[in-house]
Amino acid sequence: PETLAAALPAGTRVLVYNAYSMTPAESGPSALTPAALMQDFAVNVAGALAAVRAVLPTMRREGQGSIL
């Protein structure tokens, strides 16, 4: 989050997190490997959390902001 926060312009008021990962499982859920599951989790959950953590301090300090 610190690296992402440093890259944001001052006064960031809106975060639109639009990353998504889904490993295709042509053979059904039983074919989904643990590594593929962790990659999807990293993008879909951990990535979103990192982005929110990066902008939240500024939004709180300024008393405004939206996360979509």
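These are my notebook entries on a few residues looked up in a predicted model.

**Ground rules.** I number residues from 1 along each chain as its sequence is written, and my side-chain values use heavy atoms, with hydrogens and water left out. The model is predicted, so local features need pLDDT of at least 70 and side-chain atom pairs count only at pLDDT 80 or more, while totals for chains, interfaces and linings use all residues.

**Entry: the salt bridge.** I looked for salt bridges (a side-chain nitrogen of Lys or Arg within 4 Å of a carboxyl oxygen of Asp or Glu). The structure holds 1. R13 and E62 form a salt bridge, with their closest N and O atoms 3.9 Å apart. The pair links distant parts of the chain, 49 residues apart: R13 lies in the loop between α1 and β1, and E62 in helix α2. I note that helices (H or I, at least four residues) and strands (E, at least two) are DSSP runs, numbered from the N terminus. For exposure I use relative accessible area: buried is under 20%, exposed over 50%, and partly exposed in between (1.4 Å probe, protein chains only). R13 is partly exposed at 45%. E62 is also partly exposed, at 33%.

**Entry: T12.** I then looked up T12, which is in the loop between α1 and β1. T12 counts as buried because its relative accessibility is 13%. Which residues is T12 in contact with, leaving aside neighbours within four places in sequence? They are V55, T58 and M59, where contact means heavy atoms within 4.5 Å. From T12 to L68 I count 56 residues in sequence and 13 Å in space, C-alpha to C-alpha.

**Entry: S21.** S21 sits in the loop between β1 and α2. Is S21 buried or exposed? S21 is buried, since its relative accessible area is 16%. Beyond neighbours within four places in sequence, S21 is in contact with D40, V43 and N44. The side chains of S21 and D40 make a polar contact at 2.7 Å.

**Entry: V16.** V16 is in the loop between β1 (14–15) and α2 (34–62). V16 counts as exposed because its relative accessibility is 54%.

**Entry: A5.** Helix α1 (residues 2–7) contains A5. A5 is partly exposed, with a relative accessible area of 33%. I also looked up A5 and G28: they are 23 residues apart in sequence and 38 Å apart in space, C-alpha to C-alpha.

Technical notes
A polar contact is a pair of N or O atoms within 3.5 Å; within protein, one must be able to donate a hydrogen and the other to accept it, and residues adjacent in sequence count only if both atoms are side-chain atoms.
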